[in-house]
Amino acid sequence: MNTETIGQNAGLVWEALNLGEALGIKQLKKMTKLKDKELYAALGWLAREGKINFQETEDAKELIISLL
């Protein structure tokens, strides 16, 4: 995996979040068809750019991601 691939995957994640507003990890994986490490690298990319927000559910069992 290289930075170009991570950037492309970040675009897929951004598009999914733009359609779905706030999504969990499972939903993002299903919509983007990315593997775990690809998804987490893309989320890191978007987080570093300040484009996404992370929020835990009340029971802290799931992470919800949304665009800023």
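Helix axes are lines fitted to C-alpha atoms over the stretch in contact, and the angle between two helices runs from 0 to 180 degrees between their N-to-C directions. The model shown in these views is predicted.

**View 1. Packing of helix 1 against helix 3 in the predicted model.** Helix 1, which spans residues 3-20, and helix 3, which spans residues 36-48, pack with their axes 8 Å apart and at an angle of about 80°. Because angles of 65 to 115 degrees count as roughly perpendicular, helix 1 is described as roughly perpendicular to helix 3.

**View 2. Residues at the contact of helix 1 with helix 3.** From helix 1, the residues T3, I6, G7, N9, A10, V13 and W14 take part, and they meet E38, L39, A41, A42, L43, W45 and L46 of helix 3. Sorted by class, this contact of helix 1 with helix 3 comprises 10 nonpolar, 3 polar and 1 charged residues.

View 3. When its neighbours within four places in sequence are left aside, N9 is in contact with L34, E38 and A42.

**View 4. The largest nonpolar core.** This core holds 14 residues, of which V13, L17, L28, L39, L43, I52 and I65 touch the most other members. Helix 1, helix 2 (25-32) and helix 3 are the elements that give two or more residues to the core.

**View 5. Contacts of L17.** With its neighbours within four places in sequence left aside, L17 is in contact with L23, L28, I52, I65, S66 and L67.

Technical notes:
Residues are numbered from 1 along each chain as its sequence is written. This is a predicted model: local features need pLDDT of at least 70, side-chain atom pairs count only at pLDDT 80 or more; totals for chains, interfaces and linings use all residues. Side-chain values use heavy atoms; hydrogens and water are left out. Helices (H or I, at least four residues) and strands (E, at least two) are DSSP runs, numbered from the N terminus. Angles under 35 degrees count as roughly parallel, over 145 as roughly antiparallel, 65 to 115 as roughly perpendicular and the rest as oblique. Contact means heavy atoms within 4.5 Å. Ala, Val, Leu, Ile, Met, Phe, Trp, Tyr, Cys and Pro count as nonpolar, Asp, Glu, Lys and Arg as charged, and the others, Gly among them, as polar. A nonpolar core is a set of buried Ala, Val, Leu, Ile, Met, Phe, Trp, Tyr and Cys residues joined through side-chain atoms within 4.5 Å. Buried means under 20% relative accessible area, exposed over 50%, partly exposed in between (1.4 Å probe, protein chains only).
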